[in-house]
Amino acid sequence: MRQHPPIQDTLRRISLLAVLLLAAFLRLRKLGTSPFGFDAAVLSNLAALFLDTGIPPAQGMISSIGVNNPPLAVYIFSLPMLFTRDPVLLNGFVALVNVIGVWGCYALVRRHWGAWPALVAALFRAARGLACPGSCVGD
């Protein structure tokens, strides 16, 4: 494995932090105006049912082609619902999960193509909301 000078590593870390901060800013800046659509409502109802009854769901939401999705999304969405059922805060949780997705994009691309292509890919993923305003929460 090739060693990089410390200045390059520092520059890469600062660049990644800037990309992640951009992703967080774009996703969290207008939570109150972000859409909370049908899918989010169904998912939150399934998560609330799971939390209220204590019965784990055997399936998740039904997809657009009629196939039942696995319940992982219900389990994940149940985490913030332990503390609140406010749609604005639930959108904030989804936004933060999307920021983790930007980091995941960076990690995946870095593993296969290197750090600089990973930063570019993460930047495109982070800035997606600039091209499609209002779409960041529903990434």
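# Exercises on an all-helix model

A search of the whole structure, which is a predicted model, finds 1 aromatic pair.

## Exercise 1: The aromatic pair

**Task.** Work out how the rings of Phe50 and Tyr75 are arranged, and which helices they belong to.

**Solution.** 

1. Begin with what is needed: a pair of aromatic rings is described by the distance of the centres and the angle of the planes.
2. The ring centres of Phe50 and Tyr75 are 5.5 Å apart, and their planes make an angle of 70 degrees.
3. Planes over 60 degrees apart count as edge-to-face, so that is the name for the pair of Phe50 and Tyr75.
4. Now place the two residues: Phe50 is in helix α2 and Tyr75 in helix α3, so the pair ties together parts that are 25 residues apart in sequence.

## Exercise 2: Buried or exposed?

**Task.** Decide for Ser44, Tyr75, Phe83 and Arg128 whether each is buried, partly exposed or exposed.

**Solution.** 

1. Recall the cut-offs: buried is under 20% relative accessible area, exposed is over 50%, and partly exposed is in between.
2. Ser44 has 8% relative accessibility, so it is buried. This residue sits in helix α2, residues 38–53.
3. Tyr75 comes to 32%, so it is partly exposed.
4. Arg128 has 33%, so it is partly exposed as well. Its place is in helix α6, residues 128–131.
5. Phe83 reaches 72%, so it is exposed. You will find Phe83 in the loop between α3 and α4.

## Exercise 3: Contacts and surroundings

**Task.** Find which residues Ser44 is in contact with, leaving aside its neighbours within four places in sequence. Then find which residues make the nonpolar surface patch of about 650 Å².

**Solution.** 

1. With those neighbours set aside, Ser44 is in contact with Phe36, Phe77, Met81 and Leu90.
2. One of these, Leu90, is among the buried residues of α4.
3. For the patch, look for Leu72, Tyr75, Ile76, Leu79, Leu82 and Phe83. Tyr75, from Exercise 1, is one of its members.

## Exercise 4: The whole chain

**Task.** Find how many helices and strands the protein chain has, and how far apart Arg128 and Ala23 are in sequence and in space.

**Solution.** 

1. The count is 6 helices and 0 strands, so the elements run α-α-α-α-α-α from the N terminus on.
2. Arg128 and Ala23 are 105 residues apart in sequence, yet their C-alpha atoms are 8.7 Å apart in space.
3. Looking at contacts with a separation of 6 or more, 60% are between residues 24 or more positions apart.
4. Of the 139 residues, 32% are buried.
5. The chain exposes about 9,000 Å², with 69% of it supplied by carbon and sulfur atoms.

Note on methods. Residues numbered from 1 in each chain as written. Predicted model: local features only at pLDDT ≥ 70, side-chain atom pairs only at ≥ 80, totals over all residues. Heavy atoms only, no water. Helix = DSSP H or I, 4+ residues; strand = E, 2+ residues; numbered from the N terminus. Buried < 20%, exposed > 50% of the residue type's maximum accessible area, 1.4 Å probe, protein only. Contact = heavy atoms within 4.5 Å. Patch = residues over 30% accessible without salt bridge, like charges linked within 9 Å, V, L, I, M, F, W, Y side chains within 5 Å. Areas by Shrake-Rupley, 256 points an atom, 1.4 Å probe, with all protein chains shown as cover. Salt bridge = Lys/Arg side-chain N within 4 Å of Asp/Glu carboxyl O. Phe/Tyr/Trp six-rings, centres within 6.5 Å; stacked < 30°, edge-to-face > 60°.
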